[in-house]
Structure formats: structure tokens, C-alpha cells
Amino acid sequence: MLLTGNPAKISVYKNIYDHIIDAKYIPGQKISEKELSEEYQIGRTPLREIIMQLKSDGLVETIPQSGTYITKIDLKDAVDARFVRESIETKIIREAAVKITPSQVVDIESILRKQELLLGNDDFYHDFLKLDNEFHETFYKIVDKDNIWKWVQEISTQLLRFRNLRLLDKQFSWEKLTSDHRKIVDAVTNHDFEEASHLVENHTHLMLDEKEDLMKKFPNYFN
């Protein structure tokens, strides 16, 4: 995120960004500056700066004589980001399996337990996604690669959009996702770096496994 300025403007940007990533604003949806200005109680000038940043992020586009729209999901960009993340995260997890300390095991177990407890709740989706990001980010922190996590996130905008759309699918198995996380934690805790790397490779690969089904269900959401 390159946007600078007062905290209120940055807060509005983050809200709109998150709504696009989470598919609350759906791909192809037309957005109105007037309505956004009223909804977020922000002036038109800072709002235009926000929209310019969202354009730079690849999340909105302006079509002459038509208006401003949420971009559709760029599947090629998502596939490329998945390749980068898989390549990096398998190495991160191998190193984490060697270096993880007992206190760090407690931290990652805590995140996993929170995810498992959320499964029985109503409307757990957004809290679960935050914990999912926290789960993966923790391994980068264990090996002191926080900056790499941030860089990966910066190139993963379209992948995150695809992932979140996939998780909104009623047929998605949340239990499978938490089960994968449990297996990863067990392998890392046991310092089994080969198994941990193998599990993460499979886990990240799953991000785009259902792309054909999703494209059939949401044909207007993709380029």
C-alpha cells in the first residue's frame, strides 16, 4: 500500500480494499463516488486519491463514458502469485521446522485452536480468514522473514480475491482446511521439515484447484 495521508483516509482505503478482496464488492460491480463519499463520510478529493490507489492495486478501473468498476479477477495473475508463494513458503516451513521453539509452538497452536472453535459459529468467515493469514504469517516470523511475507502479500491481490471467493462457496470444506493446518503444525512441532514442506506444497496448491468449478459458478467474475 503506497497511500499516505491522514489516518481517516487510510482507514477508508483499507475498508474498501478489504471489501473488494472479500467479494463484498463483487467483480464487475459499478461503484459510485457519490455513494462511497456518503457511506464513508469522506470528501471527494481524498476519495479520488483512494480510487487512484485502488487502480494501482488492480482492483478498480474506469471506463470512459461509463463509470468506475471493480475489476474482474485476473486468474493468470492469481496463478503466478500462487507459484511464487508455493516456492517461498515451502522453504519458509522447512526452516521453521528446524528453528521453532516451545513458546512459538504455543503461539501457533493457539491460532489453530481459535480456527477450530470458529467452525461451529455463525458468520465465522471473516474472523477465520484473519486467523488463516495470521497462521501462515507466523511461520515467516519464526524464521525472521516478516518482510518477505509483506512482499508476497503485495503481489497476491488477485490470488487473495480468488481464495476468498473459493471460501465463500457453500461446498467448501472448512474442516479440510483446518485439518491441513493441524498436520502442518504437527510436522513442524516434530521438526519433520520434509513432511512439513510436502504438506505446505499441497496446501498452497489447493488454492487454485477448484478454479474450473468456480469459473462455472461465477463466470462473470473473471477476465
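1. Ground rules. The model is predicted, so to speak of local features pLDDT of at least 70 is needed and side-chain atom pairs count only at pLDDT 80 or more, while totals for chains, interfaces and linings use all residues. Residues are numbered from 1 along each chain as its sequence is written, and side-chain values use heavy atoms, with hydrogens and water left out.

2. α1 against α3. Helices here are DSSP runs (H or I, at least four residues), numbered from the N terminus. The axes of α1 (residues 7-21) and α3 (residues 44-56) come within 10 Å, crossing at roughly 45°; axes are lines fitted to C-alpha atoms over the stretch in contact, with angles from 0 to 180 degrees between N-to-C directions. That makes α1 oblique to α3, as angles under 35 degrees count as roughly parallel, over 145 as roughly antiparallel, 65 to 115 as roughly perpendicular and the rest as oblique.

3. Who touches whom. Contact means heavy atoms within 4.5 Å. From α1, Lys-9, Val-12, Tyr-13, Ile-16, Tyr-17 and Ile-20 meet Pro-46, Leu-47, Glu-49, Ile-50, Gln-53 and Leu-54 of α3. By class, this contact has 9 nonpolar, 1 polar and 2 charged residues (Ala, Val, Leu, Ile, Met, Phe, Trp, Tyr, Cys and Pro count as nonpolar, Asp, Glu, Lys and Arg as charged, the others, Gly among them, as polar).

4. α4 against α6. The axes of α4 (residues 75-99) and α6 come within 9 Å and cross at roughly 60°, which makes α4 oblique to α6. Among the residues in contact are Ile-88 and Ile-92 of α4 and Phe-139 of α6.

5. The largest pocket. A pocket is an open set of points on a 1 Å grid over the protein atoms alone, with protein on both sides within 12 Å along at least five of seven lines; lining residues have an atom within 4 Å of a point, and a cavity is a set where a 1.4 Å probe fits but cannot get out. The largest pocket holds about 880 Å³, a volume being the space filled by probe spheres set on the points. Of its 25 lining residues, Tyr-17, Asp-18, Ile-21, Gln-153 and Leu-160 are closest to the centre. The largest share of the lining, 6 residues, comes from α1.

6. The cavity. What lines the largest cavity? Ile-20, Ile-21, Ala-23, Pro-27, Ile-73, Arg-161, Leu-165 and Tyr-221 do. Its volume is about 30 Å³.

Conventions
Helix = DSSP H or I, 4+ residues; strand = E, 2+ residues; numbered from the N terminus.
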